[in-house]
Amino acid sequence: MSKSTVNAGPGETPAPSEERDLGAAGSQLSTAPADSLANMPGLGVVGWARWFWRQLTSMRVALLLLLLLALGAIPGSLIPQSGNDETKVAEFRRAHGSLAVVYDRLGLFHVYSSVWFSAIYLLLFISLVGCIVPRTWQFVGQLRGRPPGAPRTLTRLPAYTTWQTRAEPEQVREAALALLKKRRFRAHASGDAVAAEKGYLREVGNLAFHIALIVMLVAFAWGQLFKSEGNKLLVEGSGGGFSNTLISYDDFKSGNLFDTDDLNPFSFTLDKFTGTYETSGPNTGTPRTYQAALTYSVGAYGKDQKTVVKVNHPLEIDDSKVYLTAHGYAPVITVRDGKGEIVFHDAVPLLPLDSNVTSSGVIKVLDGYRNARGVGEQLGIAAFFLPTYTPGSETASTFPSLRNPVLNLTPYYGDLGVNSGIPQSVYQLDKAHMKGFKDAKNAQLRENLKPGETMTLPGGAGTVTYDGTRQWANFQITQQPGSGWALGGAITAIFGLAASLFIQRRRVWVRAVRGADGVTVVEMAGLGRSESAKLPEELGALAATLYDQAPGAPDAADDSPESTDPHVVPAEKGAEQ
């Protein structure tokens with residue numbers, strides 16, 4: 001008569017006394033180090049050092065440090081950072097004087113280079129390395145070894161079944177060994193039993209996940225130390241371009257270990273910017289096409305190549321990427337002095353103020369201009385541009401494309417202050433030493449111009465002509481050498497985490513011995529790394545297959561097939577069936 005016994009719920013861990021009975025069979029189902037606090041040496045320098053190292057390299061502390069790192073990064077996203085935007089930091093200091101002092105002391109204006117953030121970062125790195133190295137060596141040792149032999153009492157395991165058969169014990173063990181190897185178990189014969197183990201990919205995934213975290217940390221640090229990032233504004237068809245040298249950038253920042261020799265040699269020009277927008281419906285004015293046609297070359301003698309850069313589709317050259325980040329308009333302005341000589345002719349980029357590209361800026365004539373008396377002066381002309389002017393809406397454009405462009409000009413003359421040694425924005429006008437031109441009513445001269453129209457300065461001071469409009473595009477050029485490693489680490493971490501969560505490591509033993517009555521007694525048992533209902537199911541499927549090769553012996557009292565068909569049903573500890 002057959003008998004199936006289950007002594008624990010699915011995946012239930014045996015009690016400590018039972019673990020002692022299981023011996024090696026219940027050990028090393030994971031690479032987690034054993035708790036050695038009970039054996040910690042007495043208080044002292046060595047003892048406390050070992051205790052501290054033990055805590056630091058525990059997975060619990062590693063997760064805590066990872067959480068602290070994520071929380072520490074939040075201020076870097078909410079508070080202006082000096083490495084990204086000095087202007088916003090200065091504005092924050094002016095608006096919040098007392099709070100800015102506190103932020104300075106806490107290093108919140110440079111979170112990612114602060115002492116406390118670096119300390120968390122380094123401790124996390126040390127914790128992960130100290131946790132992974134011993135686990136890796138232990139796992140390698142497990143792979144080189146064999147699954148442990150069967151414990152003395154298989155009935156103590158979470159999943160268990162048994163039956164009697166007329167087959168010889170050797171035949172049963174050979175059939176079990178072949179079956180388990182066919183099911184991709186690592187199996188071998190050990191005495192009167194067959195020992196098998198499966199699910200090593202769980203530990204592989206666990207180790208891969210944590211190694212990937214280390215790779216991402218190193219890649220992030222490497223990228224921050226050697227990165228470079230800058231911006232360049234180009235006007236389409238202006239003949240000017242960009243060469244990847246430090247002096248070509250409008251603004252530039254880099255990591256602490258960056259060297260200008262690390263810049264990749266390439267150059268490009270903006271041939272044409274194309275932007276189309278929704279013309280009706282609730283999304284009116286939303287960009288549909290937003291792209292820049294470029295001509296670029298790599299190296300000092302590289303051939304010209306054509307490409308199109310779109311939002312989130314950058315131009316990639318080695319480990320440098322060229323992103324399209326902004327767009328605007330650049331009215332073409334011609335300024336003549338009182339004698340009719342051209343003293344300025346260029347496209348002047350204006351900065352957008354809203355989503356409809358209402359723009360403002362300054363036209364600065366630094367050299368060559370002379371007033372009606374022949375005295376050399378400088379001109380500053382405040383410009384306000386509407387790509388689509390609608391009567392009744394004089395302060396804002398009603399659409400982002402050039403449907404009805406109007407340029408409002410307010411001219412000044414005097415000293416722009418560019419020779420004072422104090423840096424100033426090309427988009428702002430310092431009126432401290434400037435005077436406004438007056439109209440016939442002795443009011444500040446202002447005039448709206450359409451393409452092709454000219455504004456005449458009073459007193460024979462010259463003219464300003466609005467010749468037309470070009471478009472400009474702003475490009476962000478980044479070089480971060482560790483980005484590829486960081487991406488690879490992130491992908492590996494995802495797959496490693498999935499493997500550690502969904503793959504169960506388990507062991508199966510099959511014992512076949514001759515009983516006192518001369519009939520072979522077959523016992524099968526399984527032990528899992530964690531709770532799972534799949535272990536009893538898998539053991540039942542294995543038992544059913546082996547039962548077909550070693551069928552149950554007929555029982556004199558009850559020879560029905562059901563009485564000899566093995567199956568495994570999880571039950572409370574001590575239940576018998």
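The predicted model contains 21 aromatic pairs, where rings of Phe, Tyr and Trp (its six-membered ring) pair if their centres lie within 6.5 Å, with planes under 30 degrees apart counted as stacked, over 60 as edge-to-face and the rest as tilted. Two edge-to-face pairs are set out below.

| Aromatic pair | Centre to centre | Angle between planes |
|---|---|---|
| Phe-273 and Tyr-290 | 5.2 Å | 90 degrees |
| Tyr-277 and Phe-399 | 6.1 Å | 80 degrees |

Tyr-277 lies in strand 7 and Phe-399 in the loop between strand 15 and strand 16 (406-414), so this pair ties together parts that are 122 residues apart in sequence. Strands (E, at least two residues) and helices (H or I, at least four) are DSSP runs, numbered from the N terminus. Tyr-277 is buried at 9% relative accessible area, and Phe-399 is buried at 4%; buried means under 20%, exposed over 50% and partly exposed in between (1.4 Å probe, protein chains only). The ring of Phe-399 also has the charged end of Arg-403 over it, 3.8 Å from the ring centre; such a charge requires NZ of Lys or CZ of Arg within 6 Å of the centre and within 35 degrees of the ring normal. In the other pair, Phe-273 counts as buried at 1% relative accessibility, whereas Tyr-290, at 24%, counts as partly exposed.

Residues are numbered from 1 along each chain as its sequence is written. In this predicted model local features need pLDDT of at least 70 and side-chain atom pairs count only at pLDDT 80 or more, while totals for chains, interfaces and linings use all residues; side-chain values use heavy atoms, leaving out hydrogens and water.

The largest nonpolar core has 28 residues, and those with the most contacts inside it include Leu-69, Tyr-103 and Leu-128. Such a core is a set of buried Ala, Val, Leu, Ile, Met, Phe, Trp, Tyr and Cys residues joined through side-chain atoms within 4.5 Å. Among the helices supplying at least two residues each to this core are helix 6 (115-144) and helix 8 (200-226). Beyond its neighbours within four places in sequence, Leu-128 is in contact (heavy atoms within 4.5 Å) with Ala-62, His-210, Leu-213, Ile-214 and Leu-217.

Strand 14 (residues 359-365) has 6 of its 7 residues buried. Strand 14 runs antiparallel to strand 15 (residues 378-386), joined by 7 bridges; strands pair if DSSP finds at least two bridges between them. Ser-359 has Phe-385 as its bridge partner in strand 15.
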